[in-house]
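Please keep the sequence and the structure in view while reading.

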Amino acid sequence: MDKELIEAAISAMRSAYAPYSQFSVGAAVRADNGRIYAGCNVENAAYPLGNCAETSAIAAMVVGGASRITAVAVAGDGEALVTPCGGCRQRIREFAAPDVPIYVAGMEGHRATFTLQDLLPHAFGPENLS
Ligand code: THU
């Protein structure tokens, strides 16, 4: 388990801009350069324009010059596990292999681990277009 990555996601959660849903989410991706890139959800008064935490983390990774994800962590509060939404599963798929772990956390720490394959089986990906 990647504790540092999970801590980064929990820390990013505190930066969330979520005035409409009041639901803060943090995410962190570890890239194949060993570095961690974090993001939070950023909502907008024009609701559909809001970005998920995972989207922000992936954008930070790409800006940082990396393009392969080796692990993902997502942190959010509440009783239900905050797993990546469907759109973000596909966004992760773009940069990650099926066996990449996705750690789900709450404010208190790690709650569950899935693989990308668990969350997005039989996925369409870049290989389909090559
Ligand atoms: N959200 C994320 O940031 N990531 C997820 O995987 C689930 C949902 C955000 C989007 C929105 O700002 C808020 O949580 C409520 O849906």
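## Where the ligand sits

In this predicted model, the space that the ligand takes up is the largest pocket. The residues that surround the ligand there are Ser21, Phe23, Val25, Asn41, Glu43, Cys52, Ala53, Glu54, Thr83, Pro84 and Cys85.

Which residue places a polar side-chain atom 2.5 Å from an oxygen atom of the ligand? That residue is Glu43, whose side chain supplies the polar atom at this distance.

Thr83 and Cys85 take part through the backbone: a polar backbone atom of Thr83 is 3.5 Å from an oxygen atom of the ligand, and a polar backbone atom of Cys85 is 3.1 Å from an oxygen atom of the ligand. The ligand on its own has 370 Å² of accessible area, and the protein covers 75% of that area.

## The chain as a whole

The protein chain contains 4 helices and 5 strands, and when these elements are read along the sequence, their order is α-β-β-α-β-α-β-β-α.

The C-alpha atoms of the chain fill a box of roughly 40 × 35 × 30 Å, taken along the principal axes.

Conventions: Residues numbered from 1 in each chain as written. Predicted model: local features only at pLDDT ≥ 70, side-chain atom pairs only at ≥ 80, totals over all residues. Heavy atoms only, no water. Near = heavy atom within 4 Å. Polar contact = N/O pair within 3.5 Å; in protein donor to acceptor, adjacent residues only side chain to side chain. Areas by Shrake-Rupley, 256 points an atom, 1.4 Å probe, with all protein chains shown as cover. 1 Å grid on protein atoms, 1.4 Å probe; cavity = no way out; pocket = protein on both sides within 12 Å on 5 of 7 lines; lining within 4 Å. Sits in = over half its atoms within 2 Å of the grid points. Helix = DSSP H or I, 4+ residues; strand = E, 2+ residues; numbered from the N terminus.
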